[in-house]
Amino acid sequence: CQETAVSALLNMVCDCMVDLDHDLCIKRHFEKFAGMLMHGQGKKLQGCDFAQFVPQGEERDRFEAIVGEVHESGEHLPNMGTLRLRDSIGNLIKVAAYHVPYTSITG
């Protein structure tokens, strides 16, 4: 399935991966992402709005540009850029962000 292939490829080349739903909320818990942001094992990030980890202002605008690029056909396009994410104690972590939209078999 397309979703599995994309996930496997990204897990090979990235330190961590996060699946977002159409509202940009985290679809399921990702241990590596939680660890990178120094969230303990008890903190599950599933259902959290990903934008809460992106500081307001220019950084948030950059995030929205990365995930919001749309082709004239209306389809979201793959994109990449650098972002800073805020960890659990307020530190900013510079990351390379890759946005790879896909549609699962169920839609």
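Predicted model: local features only at pLDDT ≥ 70, side-chain atom pairs only at ≥ 80, totals over all residues.
Let me start with a term: a nonpolar core is a set of buried Ala, Val, Leu, Ile, Met, Phe, Trp, Tyr and Cys residues joined through side-chain atoms within 4.5 Å. Buried, here, means under 20% relative accessible area, exposed means over 50%, and partly exposed is in between, using a 1.4 Å probe and protein chains only.

Residues are numbered from 1 along each chain as its sequence is written, and side-chain values use heavy atoms, with hydrogens and water left out.

Okay, the core. The largest one has 23 residues, and Ile26, Phe33, Leu45, Phe50, Phe53, Phe63 and Leu85 have the most contacts inside it. At least two residues each come from helix 1 (2-13), helix 2 (31-36), helix 3 (58-68), strand 1 and strand 2. Helix 3 gives the most, with 3 residues. By the way, helices (H or I, at least four residues) and strands (E, at least two) are DSSP runs, numbered from the N terminus.

So who does Phe33 touch? Skipping residues up to four places away in sequence, Phe33 touches Cys16, Val18, Ile26, Leu45, Phe50, Phe53 and Leu85. Contact just means heavy atoms within 4.5 Å.

Now look at helix 3. Its buried residues are Glu59, Arg60, Phe63, Ile66 and Val67. Exposed Glu58 and Asp61 sit on the face turned away from the buried side. And what covers the buried residues? The cover includes strand 1 and strand 2.

Those two strands are next. Strand 1 (residues 79-86) pairs with strand 2 in the antiparallel sense over 8 bridges; pairing needs at least two DSSP bridges between the strands. They make a hairpin with 5 residues between them, and Gly90 in the turn has a positive phi of about 95°.

Last bit, the cysteines. A disulfide is a pair of cysteine sulfur atoms within 2.5 Å, and the structure holds 0 of them.
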